[in-house]
2 protein chains.
Amino acid sequence: MPRILRVHMGRLEATYEESPEDYALLGGRALSAEILNREVPPRCNPLGPENKLLLVPGLLGGTAVTTSGRVSIGTKSPLTGGIKEANVGGQLGHKLIRLGIKAIVIEGAPRDGAWHMLRVDRDGARFEPGDSLAGLGNYDLHARLLGGPARERCAVTIGPAGEHRMTGASVAVSDPEGRPTRHAARGGVGAVMGAKGLKAIVVDDTGTTTIKAAEPEVFRRDTTGFSKVVLEDRRTHHMSKYGTAGVIRYVNREEVQSMPTRNHRFGRFDRADLISGIRIAEQAPARGGKMLPCMAGCIIKCAILYNDADGQHLTTALEFETIALLGSNLEIGDIDAVAQLDHACDDIGLDSIEIGNALGVAMEAGVLPWGDWQRVSEALDEVRRGTELGRALGNGAVSAARTFGVTRVPAVKGQGLPAWEPRTLKGFGITYATSPQGADHTAGMVMARDVTTNTLLLQSRHEQVLMAVVDSVGLCQFANPVAKDMAGLLNARHGVNLSEEDVLDIGRRCLKREREFNLAAGLTDDRLPDFLRSEPLHLPSGPSVYDVPDDVVERFWDF
Amino acid sequence: MPRILRVHMGRLEATYEESPEDYALLGGRALSAEILNREVPPRCNPLGPENKLLLVPGLLGGTAVTTSGRVSIGTKSPLTGGIKEANVGGQLGHKLIRLGIKAIVIEGAPRDGAWHMLRVDRDGARFEPGDSLAGLGNYDLHARLLGGPARERCAVTIGPAGEHRMTGASVAVSDPEGRPTRHAARGGVGAVMGAKGLKAIVVDDTGTTTIKAAEPEVFRRDTTGFSKVVLEDRRTHHMSKYGTAGVIRYVNREEVQSMPTRNHRFGRFDRADLISGIRIAEQAPARGGKMLPCMAGCIIKCAILYNDADGQHLTTALEFETIALLGSNLEIGDIDAVAQLDHACDDIGLDSIEIGNALGVAMEAGVLPWGDWQRVSEALDEVRRGTELGRALGNGAVSAARTFGVTRVPAVKGQGLPAWEPRTLKGFGITYATSPQGADHTAGMVMARDVTTNTLLLQSRHEQVLMAVVDSVGLCQFANPVAKDMAGLLNARHGVNLSEEDVLDIGRRCLKREREFNLAAGLTDDRLPDFLRSEPLHLPSGPSVYDVPDDVVERFWDF
């Protein structure tokens, strides 16, 4: 029977309990939303003892289904004040499921200022002193905890930003090479882990075996079938070659303008080609760059391993959002520089989207010069050290705007804007406004242009429901699973008989539960920043602003 | 006919318009709430062009009624995100009414980064360049604008904190001696004035005469009668002698414990006698200290003029709240030190309550040492200069807590806690929770102890309604006016026939309009900080926490 591992930081107790029966068909994001609604007072202080941090693998985790090892890290966000699910790949999800763990619930608060480490394996869960780990960056920390590529072990850690309880702090999960390049980045989940006094979790699945499906034959067939669909998908080809950075040439087009530049003032960047996925791919062979899976069993392999000119590793997660927010948005047109900044963010444990927005705000205020990556690098070092400037930035875009008196704040529900541009890709605006997560592009990507508002609304809703399912099943959105695929796999895995509609209902219920939490927490502002309505981008067809009426947001929830 | 002076900062236009008829019996806080609801989008950015800053004298302003020259400075607060009325004495209110001005509405935003000054007199309202005033502290600024005691002229200004648009910034109004000691302090109204690019307003009522009442004889009689009542009140005697600092000996008692100490951790301060009103009064004669009125015509004279040991002026507003938040709350037990810090706050243009709370949070985080007033003085200088530390503090308690990762946040609706202690004086807790203003002791003082929750609720409601009337009429709460007094004066002044209930209805409607704005703005959190419920104060009768159930707040609005 799957169990919940309940970890109490005040008593330093880690105990297993049976998972309630009604959690049987809940996993990942949906289970996270359910537990948060049941166990966390919506109005509690996110960094206080009443909040909880959840690590929840998906319903297909631990199996051979490609990309199925993703994990939802859930909490009340100290960044938004609402519910949060930060989704992450890496080696964690499969191991949790193989250890029979349906969710780890971390609660309470440490009685002293000490740091702790939690070790989870087949023999149980044990605390170890963590004070000797305090202050370490994620790279040193993962090297020390794992000692390199680690098949059986996985580390889940915070860097200095999480220790400082900064609301832009991430939780790092190790990749197959034992590096901290996978981040549950958004919403300040790392700050909550820091507030719990937990510097690291090491999960070891030595001695466990692959999960047995209820209907092994069908499951094996469907698993293979799904892999085939993924491999034959044109989107996969592109992703395997260029990663998410492959979209840059497209989004920088005159008619799309979704390459945020100068704190989202413009949508095109004159040096976009210098930081594009194609550029990265071109220089990879000479430097030992390559495409890797972020978890065992992933056949897409969209992670860009990026080495510097000397062949030294800088990052294995040079994503489009990172390149846009730390590159064009700051007018930095040097991909080596962006990769260095990304390395720093991974090491410090920072959401690159949030810190990129905060840095853009600081540049707008004149605190840092546009385009000066060395100064940005120094500023990141201030985040690491927790200086006042570092804290203003590490706490994210809204904090930076408040500190520096900037009114052009690129955030929704307190969370910094992703790269996707609501003035031209208006469906993204609807997603940012309506998602209980705040401005989150992964919540529901809507690429359509030149369609009616109603169509955009329906597409955003459909994508958000589907993504809520994907995040609950534990798959990667880049596997592009449809409800039918997931229904088949879930049925064979769990011995149930879900229809496509039943599967979509998991997503619908998840979204509603998330919104319920937000309303009870008093997080009711669904508006996009004013500048998206008042400052047009200039398309060939004329000026374009985000002009979806606010009341559309209300209609979104009619399902 | 009374007029509204509408000041547009983008066009640099100041034009008079007729006051709508339905504003006839609205003034001060009630008129402010009405204009904000009609003209300001509740969800707007408080520092953006859609917000407005209102200067609204009361319905009895400009007359000989004692203390009647108070002014409501209204806006959407950048500190709370909700409606704000910061009430201030000084020389402003009488002059506005004598110039026939029912309200000044400052709107729009400057097109450039320039600073402006507005001059208002009998000939109209004119802009003057303000760049040469930028960076000046309030003391230099008022000296330059007024040149000393000024009967006919009054200055309304922001200091460096307002220029930095810090959310703890005040608006300073000159006292009869031409000094910037009267502050509309709370809620960051100074930040809004700064965002408008307005460094100073000079109001000159030369050539105007006292306001004529509709029924001059009755009004004169009632005015004299009211003065007599005030003068004979025992509370006035105490206030005239010791100012608000006179309560310190009482609040520091073992059974009251309302002298916040060490970031509100304790309610008694071992050196309270060294910073009490009695102590101040004792040393006054040798130093030239005295009690003064804060505006012409006030017969209470509760303003403490405090000189240093050399007889040099430090402040004329050494209030209980200032002494508690900058003194005991920081474990500073030296009244000269507190007076120096108060001088700095007046000069920089800072709410002493808000900055005191922010400093307490910084001390709790270990950023500053407890009790070290020189370090506090240096920190205030950082606020003046707008360094990162200065910004974290100048933006108030919530900002400081966020910057330094502190979860014990002494604030309600984002506004720092006053000195009055909800764990022992629980009625204050109800007022802090329910007031649309956030934690504001002046919103409704409830001194009762050992009564039922229901009694406390009724008292808080009564006081809040009454205070809303007092703030709308323009009187000082220390005149202790009752509804009957105000009805008589209003009737004779305006030629109307209001009953006591009609007068109270002004307050009831005002509160409801304020709440309406907050709900539309999404400001729905009515809870007190957790520590007031979880950390008891130890009274002789046993441990005491704030234990009024949260749902009492809902019942508050049943009127």
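Predicted model: local features only at pLDDT ≥ 70, side-chain atom pairs only at ≥ 80, totals over all residues.
Residues are numbered from 1 along each chain as its sequence is written, and chains are lettered from A and ligands numbered from 1 in the order in which they are written. Local features need pLDDT of at least 70 and side-chain atom pairs count only at pLDDT 80 or more, while totals for chains, interfaces and linings use all residues; side-chain values use heavy atoms, with hydrogens and water left out.

In chain B, six strands form an open sheet of mixed pairing in the order 2-1-6-3-4-5. Strands (E, at least two residues) and helices (H or I, at least four) are DSSP runs numbered from the N terminus, and two strands pair if DSSP finds at least two bridges between them. Strand 2 (13–18) and strand 5 (83–88) of chain B stand at the edges with a single partner strand each, so one side of each has no neighbour in the sheet. Neighbouring strands are turned by 20° against each other on average, direction ignored. Strand 1 (residues 3–8) and strand 6 (residues 101–107) of chain B are parallel and share six bridges, with Ile4(B) opposite Ala103(B) of strand 6. Helix 1 (residues 28–39) of chain B packs on this sheet, touching strands 1, 3, 4, 5 and 6 of chain B, and its direction makes about 150° with that of strand 3 of chain B. Axes are lines fitted to C-alpha atoms, for helices over the stretch in contact, and angles run from 0 to 180 degrees between N-to-C directions; contact means heavy atoms within 4.5 Å.

In chain A, strand 4 (residues 71–76) and strand 5 pair in the antiparallel sense over six bridges, and Ile73(A) has Ala86(A) as its bridge partner in strand 5. The two strands form a hairpin with six residues between them, and Gly81(A) in the turn has a positive phi of about 80°. Helix 1 (residues 28–39) of chain A is largely enclosed by the rest of the structure, because nine of its 12 residues are buried. Its cover includes strands 3, 4, 5 and 6 and helices 17 and 19 of chain A.

In helix 13 of chain B, Val376(B), Ala379(B), Leu380(B) and Val383(B) are buried. They cover an arc of only 105° around the axis, which puts them on the same side of helix 13 of chain B; the arc is that of the directions from the helix axis to the C-beta atoms. The buried residues of this helix pack against helices 11, 12 and 14 of chain B. Gly386(B), with a positive phi near 75°, follows helix 13 of chain B.

The largest nonpolar core has 128 residues, and Met259(B) and Leu380(B) are among those with the most contacts inside it. Such a core is a set of buried Ala, Val, Leu, Ile, Met, Phe, Trp, Tyr and Cys residues joined through side-chain atoms within 4.5 Å. Helix 17 (residues 453–473) of chain B gives the most to this core, with nine residues. Apart from it lies another core, of 127 residues, among them Val409(A) and Tyr546(A).

Key. Buried < 20%, exposed > 50% of the residue type's maximum accessible area, 1.4 Å probe, protein only.
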